[in-house]
Amino acid sequence: MRFRYCPHCGNQAEMREIGDEGRIPYCPQCEMPLWDMFTTSVIAAVVNECGEIALLRQNYVSTANHVCVAGIMKPGESAEEAVVREVGEELGLRVKTAEYVKSYPYEKKEMLMLGFKAVAERKEFTLSGEVDTAVWVKLEDAPGLLREGSIAWQLVKAVAEGER
């Protein structure tokens, strides 16, 4: 989100040169720069002790490809807590460990996605209303079920290469 008006006082922002940052919106009333904002989210490659990964189908995201568990971080929540919560909500699984892998800018939706490898015991899924189906697949087969080049595909490839 790029500010045109100050979120604190409502006055119109003006463009001002701020050090090395260049020209950015600035509120002369509050005397503060108004940095662009983005949403922070998590995406998790959920793997189990059998060398499998959980992939989801969410028809509102794609009817052609699977995706990984993902969701928006809530205020006051750490990235690791968000992974545990999202995996629990979407798949009904308990995360044993959540290991940070890499961050992925998602410019199309003005998001920063923090990628994790989450380890959970292989169990039957208890799906949330936003998940149409979920499957356990061999980790090496997973990239073929994801949209090539997508953030989920990049994360799964990184986790698979780290597993070998």
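1. Aromatic pairs. In this predicted model, the count of aromatic pairs comes to 2, where rings of Phe, Tyr and Trp (its six-membered ring) pair if their centres lie within 6.5 Å, and planes under 30 degrees apart count as stacked, over 60 as edge-to-face and the rest as tilted. Tyr100 and Phe116 form an edge-to-face pair, with 5.7 Å centre to centre and 75 degrees between the planes. This pair links distant parts of the chain: Tyr100 lies in strand E7 (residues 95–106) and Phe116 in strand E8 (residues 111–120), 16 residues apart. Tyr100 counts as partly exposed at 42% relative accessibility, whereas Phe116 is buried, with a relative accessible area of 1%. Here buried means under 20% relative accessible area, exposed over 50%, and partly exposed in between (1.4 Å probe, protein chains only).

2. The stacked pair. The ring centres of Phe125 and Trp136 are 5.1 Å apart and their planes stand at 25 degrees, so this pair is stacked. Phe125 belongs to the loop between E8 and strand E9 (133–138), and Trp136 to strand E9, 11 residues apart. Both Phe125 and Trp136 are buried.

3. Conventions. Residues are numbered from 1 along each chain as its sequence is written, and side-chain values use heavy atoms, with hydrogens and water left out. Local features need pLDDT of at least 70 and side-chain atom pairs count only at pLDDT 80 or more, while totals for chains, interfaces and linings use all residues.

4. Secondary structure. The protein chain has 2 helices and 9 strands, taken as DSSP runs numbered from the N terminus (helices: H or I, at least four residues; strands: E, at least two). From the N terminus on, the order of elements is β-β-β-β-β-β-α-β-β-β-α.

5. An open sheet. Three strands form an open sheet in the order E1-E2-E3, with antiparallel pairing; two strands pair if DSSP finds at least two bridges between them. Strand E1 (14–18) and strand E3 (32–33) are the edge strands, each pairing on one side only. Strand E2 (residues 22–27) pairs with E3 over 2 bridges, and Pro33 in E3 is the bridge partner of Tyr26.

6. Overall dimensions. Along the principal axes, the C-alpha atoms fill a box of roughly 60 × 30 × 30 Å.

7. Of the 164 residues, 41% count as buried. Among contacts (heavy atoms within 4.5 Å) with a separation of 6 or more, 58% are between residues 24 or more positions apart.
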